[in-house]
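Take a walk through this model. Start with the sheet, then turn to the core, a helix and a few backbone angles.

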Amino acid sequence: MLKRFFLFTILSLSISCFSQKELLLVYTGNMGVYITNHTSSVLIDGLHTEYGKDYLFPPVSLTHKITHQLRPDAIIFTHHHGDHFSAPLADEYLKANKTALLYGSQQITKEISTHPDRLISIITNDYTPQTSVLKDLKITGIKINHAGKRHITVENVGYIIDFGHKKILHVGDTNWMEDIHLFDQLQLIKKDIDIAILPYWMLLEHQAPILIKKYINPKRIIATHISPRITKDELFDLQNKYPTVDFLTKLEQRIQL
Ligand SMILES: [Zn+2]
């Protein structure tokens with residue numbers, strides 16, 4: 001009897017440890033991800049509207065689901081481009097979810113006229129990481145330059161969401177930018193990143209596997225910002241080159257992390 005009791009205790013302990021560790025990611029379009037540990041949750045780059053044929057966006061039904069069912073504790077934005085951010089949708093979200101916070105650069109937070117007490121601005125003067133605590137999460141914002149010379153004034157912020165046992169990095173619209181030694185300055189290699197969410201073009205660089213290992217060294221990679229117009233062959237080639245990478249291409253695609 002006693003033996004059976006111990007077996008039961010060990011079993012239920014290991015089950016609860018297992019479920020505690022499991023994170024769920026739901027894809028919401030372009031670079032949008034909802035991530036939850038079933039106690040706390042965040043949505044990164046998940047509220048935006050139609051921007052062009054190369055950008056998957058959450059339709060009204062999904063925005064409604066985010067606002068009324070998923071209800072992330074924080075809506076987080078990397079930058080103000082229309083394939084990542086919509087000020088009216090963010091405003092509506094804060095109105096419907098009275099304790100939710102919004103994270104973004106000043107270019108984002110200045111667009112939200114209401115709820116100033118629930119806006120967290122990430123300063124992009126230098127590469128200083130800025131960390132705050134939200135329930136059982138630690139959320140760190142850090143300037144990561146936007147890719148492309150014509151976007152030099154865009155304040156792009158990367159985030160590290162620390163779920164305690166797992167750290168997830170989302171970099172927004174950046175690239176390796178070795179000309180400005182970007183990733184040398186970021187020192188993400190010291191952050192013990194478990195999962196890196198990257199725009200897929202960072203995998204196209206022929207040195208990409210070396211750069212990923214040298215600058216981030218994550219245990220797992222999730223590729224985003226994939227155009228809905230990508231051909232089957234192009235996607236197949238990418239999947240072949242990176243068999244362990246998850247490629248987000250379908251709205252509400254789910255990944256256990
Ligand atoms: Zn952009």
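The paragraphs below go through these parts in turn.

This is a predicted model: local features need pLDDT of at least 70, side-chain atom pairs count only at pLDDT 80 or more, and totals for chains, interfaces and linings use all residues. Residues are numbered from 1 along each chain as its sequence is written. Helices (H or I, at least four residues) and strands (E, at least two) are DSSP runs, numbered from the N terminus.

Begin with the open sheet. It has 7 strands in the order β7-β8-β9-β10-β11-β12-β13, and its pairing is mixed. Two strands pair if DSSP finds at least two bridges between them. β7 (130-134) and β13 (246-247) are the edge strands, each pairing on one side only. Strands of a sheet pair through backbone hydrogen bonds, either parallel or antiparallel. Both kinds can be followed here. Strands β8 (residues 137-143) and β9 (residues 157-162) run antiparallel and are joined by 6 bridges. In that pair, K138 stands opposite D162 of β9.

Now move to β11 (residues 195-199), which runs parallel to β12 and is joined to it by 5 bridges. L198 has A223 of β12 as its bridge partner. Between β11 and β12 the chain passes through helix α6 (residues 208-215), in a right-handed β-α-β crossover. Right-handed means that, with the strands pointing away from the viewer, the path from the first strand over the helix to the second runs clockwise.

β12 is also joined to β13, by 2 bridges, and these strands run parallel. There, I222 has D246 of β13 as its bridge partner. The chain goes from β12 to β13 through helix α7 (residues 232-241), and this β-α-β crossover is right-handed too.

How enclosed is strand β12? Of its 5 residues (220-224), 4 are buried, so the strand is largely enclosed by the rest of the structure. A residue is buried if 20 or more other C-beta atoms lie within 10 Å of its own, exposed if 12 or fewer, and partly exposed in between, with C-beta atoms placed from the backbone.

Next, the core. A nonpolar core is a set of buried Ala, Val, Leu, Ile, Met, Phe, Trp, Tyr and Cys residues joined through C-beta atoms within 7 Å. The largest one holds 51 residues, and A74, I75, I76, Y103, I161 and I197 touch the most other members. Look at I76. Leaving aside neighbours within four places in sequence, I76 is in contact (C-beta atoms, placed from the backbone, within 7 Å) with V42, L43, I44, Y103 and Y159.

Finally, check phi. Most residues other than glycine have a negative phi, and most peptide bonds are trans. Just after α2, R71 takes a positive phi of about 40°. N30, in the loop between β1 and β2, has a positive phi of about 50°. D45 lies in the loop between β3 and α2, and its phi is near 50°. D45 counts as buried with 27 C-beta neighbours inside 10 Å.

How values were computed:
Contact = placed C-beta atoms within 7 Å.
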